Amino acid sequence: DGEVHINELKSGNVEMFWNPTSEVRRQRLKRHIVLFEEQTDFESERLWQHVTSAINKGDQHKATQEKFVLEEEQRNAARERRENGTEWKPLLFQHDTATNEWHYKYQDLRPWDPLNDIAQFEKDGILQTMERHLSTRMPNHKTTCINNQITRHKRSAKDCRRRKTSDQPSNHSQNTESSCSTPESVQELSDDDGKYLWFESLCAQCGKEMNHLKEIHSAVLSLQRAQQDIHR
């Protein structure tokens, strides 16, 4: 977001190539990084801190020395793994033997959905997308729980209607009808509040995850309102 110049070596002329306006600077993406004290030993900023410091000071000799120290440590660690027969297992990348390339394990290549996707964030090195509504890509565990709930509601409604239309004596019929409760309609769960009420009746694991999602959703809405206030 700064000025870029073209220097013509033969003539010595300097020409402005790029001079972003204040509007362009305001539209740039915000940079979010993990706090230095929270970074692990192998994260780039912490791992290369001495090399970076030397470069910023203009000490190329010191930067080269620090870089050599890091590379030697990596070579020694690889040598020890070979001698001990220890296999290196990356946490975030997997190797494609067909192309001999490394790929990020948790890549999400689907197009961004501005109506449903709120923000993308990183946690423990894993990129995740915060969504407004329940994703169609939900885990099988959640899908199974939802389907089981729907099946039980439908079966309960069918049994209740069958008992209501039976030829039992009037007193028994009244008792049977009073014991039947009309299941909640799935169509009534189209709004967000209905979704949350519906999912609160699921298993404990799903309920816990949905409560966590509601907290995140509320926090995002609060941030959005604050941004709107700031713009006004």
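1. Helices here are DSSP runs of at least four residues, and strands are runs of at least two. By that count, this predicted model has eight helices and six strands.

2. Of the 232 residues in the chain, 16% are buried. The chain exposes about 19200 Å², and 51% of that comes from carbon and sulfur atoms.

3. Is Lys 214 buried or exposed? Its relative accessible area is 19%, and the cut-off for buried is under 20%, so Lys 214 counts as buried. Arg 132 is 82 residues away from Lys 214 in sequence, yet their C-alpha atoms are 9.5 Å apart in space.

4. Now for the charged pairs. Side chains of opposite charge can pair when their charged atoms come close. The whole structure holds nine salt bridges. One of them joins Glu 23 and Arg 26, at 2.3 Å from N to O. Both residues lie in helix H1, three residues apart, or about one turn of the helix. Glu 23 is partly exposed at 38%, whereas Arg 26 is exposed at 58%.

5. In helix H4 (residues 60-84), Lys 67 and Glu 71 are four residues apart. Their closest N and O atoms are 2.4 Å apart, forming a salt bridge.

6. Finally, Arg 110 and Asp 108 form a salt bridge at 3.1 Å, N to O. Shared partners also link Lys 67, Glu 71, Glu 72 and Arg 75 into one salt-bridge network.

Terms used: Residues numbered from 1 in each chain as written. Predicted model: local features only at pLDDT ≥ 70, side-chain atom pairs only at ≥ 80, totals over all residues. Heavy atoms only, no water. Buried < 20%, exposed > 50% of the residue type's maximum accessible area, 1.4 Å probe, protein only. Areas by Shrake-Rupley, 256 points an atom, 1.4 Å probe, with all protein chains shown as cover. Salt bridge = Lys/Arg side-chain N within 4 Å of Asp/Glu carboxyl O.
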